[in-house]
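Here's a quick briefing to read alongside the model. Keep the sequence and the 3D view open as you go.

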Amino acid sequence: MTLLRAAIAGIGVTVLLFGRGTPSVAGIEPLTLYQKTARAPLVVRARALSDSTRRPEVEVLMIFKGSCPAKIITIAPHFEDNSAPTPWLIREVFRAGQESILFLTPYADEFGRDEGAATFAVLNADQGKVEVPAEGSDALLEALHRFVGILSLGQHDAQGDALRSMLSARNPFQLEAALSECRKYHLAQKEDVGPLVALLTSPRPDFRSGSLALLSQILDDSRNSGPKGPALEPSLAASIYEQVAAAARLDADETVRREAVGALESFGGASSLVILEEIGRRDASQNVRYAAQVSAMRLREKIH
């Protein structure tokens with residue numbers, strides 16, 4: 001084991017003792033609206049016809065994706081297998097007259113038997129229903145139409161370009177999808193720096209942290225591409241650096257500061273090392289201090 005790995009392991013023990021923050025229940029991460037749209041074979045806008053919680057019937061008002069065999073469909077509840085319980089899954093509740101977006105899959109019971117083409121289950125039991133707000137529903141519906149359009153594109157490159165284009169979107173659902181998918185599939189490019197930097201002042205911490213994660217990827221690509229690669233212009237890099245350093249030191253959100261720490265490591269250099277060492281000593285969050293100490297160790301090894 002190298003000195004660097006040993007030191008990181010030692011820090012890791014400390015984090016395990018004091019905690020890393022609350023993990024998602026049973027490792028189940030909440031899906032974005034885009035991910036729900038991608039995974040569900042049928043996406044509809046529907047109105048509940050009763051308050052039934054056992055097998056509610058809903059009227060299909062609009063189909064965004066897939067095909068529906070009937071105007072009135074039945075929603076089967078989540079089956080709880082006592083041999084493999086899933087207590088974190090909460091059955092969706094339907095109220096008469098309530099409109100919602102439903103992300104549906106064909107229903108089959110515990111024995112694999114279906115109950116007809118008009119019976120469906122909601123996606124992941126408790127991630128397949130989004131209420132349509134009484135006011136401000138336009139952004140939700142616009143995003144769904146946009147997502148279905150992107151998913152219908154035949155080529156992955158075309159889908160990637162469409163997702164990147166939403167990094168400048170004002171629609172929060174589209175922006176959430178762009179940040180998540182671009183990060184997952186490493187889609188962001190140097191041309192996306194402008195809208196990503198603009199997001200560093202967003203009032204939403206998840207948008208700020210998502211922007212920092214993508215900027216880190218772009219910086220890593222720029223550094224690893226060689227002398228003929230798409231390096232950032234010095235003035236642009238300097239401007240980004242100042243904002244990233246400010247986020248690492250001052251942002252009120254722990255997740256944002258942790259992502260900013262990663263971006264500082266991607267920048268590299270002695271000045272980044274000084275800031276990382278400072279954060280590793282002084283940040284109020286154990287998680288951020290740990291991330292900064294690990295990043296500082298890696299960066300110190302590169303410099304020396």
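Let's start with a term: a residue counts as buried at under 20% relative accessible area, exposed at over 50%, and partly exposed in between, using a 1.4 Å probe and protein chains only. What you're looking at is a predicted model, where local features need pLDDT of at least 70, side-chain atom pairs count only at pLDDT 80 or more, and totals for chains, interfaces and linings use all residues. Residues are numbered from 1 along each chain as its sequence is written, and side-chain values use heavy atoms, with hydrogens and water left out.

- His186 is partly exposed, with a relative accessible area of 41%.
- You'll find His186 in the loop between α5 (172–184) and α6 (193–198); helices here are DSSP runs of H or I with at least four residues, numbered from the N terminus.
- His186 isn't a glycine, yet its phi is positive, at about 55°.

**Helix α7**
- Helix α7 covers residues 205–224, which makes 20 residues, and spans 29 Å from first C-alpha to last, close to the expected 28 Å (1.5 Å times one less than the number of residues).
- Because 14 of its 20 residues are buried, α7 is largely enclosed by the rest of the structure.

**Aromatic pairs**
- Rings of Phe, Tyr and Trp (its six-membered ring) pair if their centres lie within 6.5 Å; planes under 30 degrees apart are stacked, over 60 edge-to-face, and the rest tilted.
- That rule gives two aromatic pairs.
- Tyr34 and Phe147 make an edge-to-face pair, 5.2 Å centre to centre with 85° between the planes.
- This pair links distant parts of the chain, 113 residues apart: Tyr34 belongs to helix α2 (residues 33–39) and Phe147 to helix α3 (residues 138–151).
- Tyr34 and Phe147 are both buried.
- Tyr241 and Phe267 have ring centres 5.1 Å apart and planes at 85°, so they're edge-to-face too.
- Here the link runs from Tyr241 in helix α8 (residues 234–250) to Phe267 in helix α9 (residues 254–267), 26 residues apart.
- Both Tyr241 and Phe267 are buried.

**Charges over rings**
- A charge sits over a ring if NZ of Lys or CZ of Arg is within 6 Å of the ring centre and within 35 degrees of the ring normal.
- Lys129 has its charged end over the ring of Phe94, 5.3 Å from the centre.
- Arg204 lies over the face of Phe207, 4.0 Å from the ring centre.

**Confidence**
- The chain's mean pLDDT (the predictor's confidence in each residue, from 0 to 100) is 86, and 82% of its residues reach 70 or more.

Definitions and conventions
Helices (H or I, at least four residues) and strands (E, at least two) are DSSP runs, numbered from the N terminus.
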